[in-house]
Amino acid sequence: MTRYHRGIELRVHCVTTSIKKFAELIGSSAGHVSNYANSVDPKTKECIENIDVVYAVPGWGGEAWEIFQKDEVKLVSEYEKLIDEHREKYNTRHDWEEHKKTLT
């Protein structure tokens, strides 16, 4: 399921027993999860070995891929902390884009 934390896209993964349980774990409603999440076979070792733990990888583009390693699996809470630290420096995507211009 794709979620955003402070404007940065994360793809959320979790092995769990039900839509209701997944919704509880990510702090969402079961209806929202039913409409926007897909059930797939687990692909990441972390998810398979840790039932009911929510992991994420960066979204498929934009700022997420610029500040994180592509397809690196971490706990959602770890990514949220890193995003919060990034947003302390760069409040918006525009601020990040302006900073990148100074690096070239």
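## Strand pairing

Two strands count as paired if DSSP finds at least two bridges between them. With that in hand, we can look at V12, which stands opposite A56 in strand β3. One thing to keep in mind as you read on is that this is a predicted model.

Strand β2 (residues 8-13) is joined to β3 by four bridges, and the two run antiparallel. R11 also has a place in this pairing, standing opposite V57 in β3. On to β4 (residues 74-75): two bridges join this strand to β3, again in antiparallel fashion. Here the bridge partner of Y55 is L75 in β4.

## The whole chain

Stepping back, the chain has six helices and four strands. Starting at the N terminus, the elements follow the order β-β-α-α-α-β-α-β-α-α. Along the principal axes, the C-alpha atoms fill a box of roughly 50 × 25 × 20 Å. Of the 104 residues, 30% count as buried. Among contacts between residues at least 6 apart in sequence, 53% join residues at least 24 apart.

The four strands make an open sheet with antiparallel pairing, ordered β1-β2-β3-β4. The edges are taken by β1 (2-5) and β4, each with a single partner strand, so one side of each has no neighbour in the sheet.

## Strand β3 and A56

How do the side chains of strand β3 (residues 55-58) point? Y55 and V57 point one way, while A56 and P58 point the other way, and all of them are buried. As background, side chains in a regular strand alternate between the two faces of the sheet.

Is A56 buried or exposed? A56 has a relative accessible area of 0%, and buried means under 20%, so A56 is buried. Leaving aside neighbours within four places in sequence, A56 is in contact with L10, R11, V12, E72, V73, K74, V76 and Y79. For a sense of distance, A56 and V15 are 41 residues apart in sequence and 12 Å apart in space, C-alpha to C-alpha.

## The nonpolar core

The largest nonpolar core has 16 residues. Which of them have the most contacts inside this core? They are V12, F22, I26, V33 and V54. Strand β2 and the helices α1 and α5 (76-89) each supply at least two residues of the core. In soluble globular proteins, nonpolar side chains tend to be buried together.

I26 is worth a look of its own. Not counting residues up to four places away in sequence, I26 touches M1, R3, V12, V33 and V54.

## The largest pocket

Now for the empty space. Rolling a probe the size of a water molecule over the atoms shows where such space is left. The largest pocket has a volume of about 820 Å³. Its lining is made up of 28 residues, and the closest to the pocket centre are M1, V12, H13, N38 and V40.

Which elements each supply at least two residues of this lining? They include β2, α1 (19-26) and α2 (30-36). By residue type, the lining divides into 15 nonpolar, nine polar and four charged.

How values were computed:
Residues numbered from 1 in each chain as written. Predicted model: local features only at pLDDT ≥ 70, side-chain atom pairs only at ≥ 80, totals over all residues. Heavy atoms only, no water. Buried < 20%, exposed > 50% of the residue type's maximum accessible area, 1.4 Å probe, protein only. 1 Å grid on protein atoms, 1.4 Å probe; cavity = no way out; pocket = protein on both sides within 12 Å on 5 of 7 lines; lining within 4 Å. Points joined across faces, edges and corners; volume = space filled by probe spheres on them. Nonpolar A, V, L, I, M, F, W, Y, C, P; charged D, E, K, R; others polar. Core = buried A, V, L, I, M, F, W, Y, C linked by side-chain atoms within 4.5 Å. Contact = heavy atoms within 4.5 Å.
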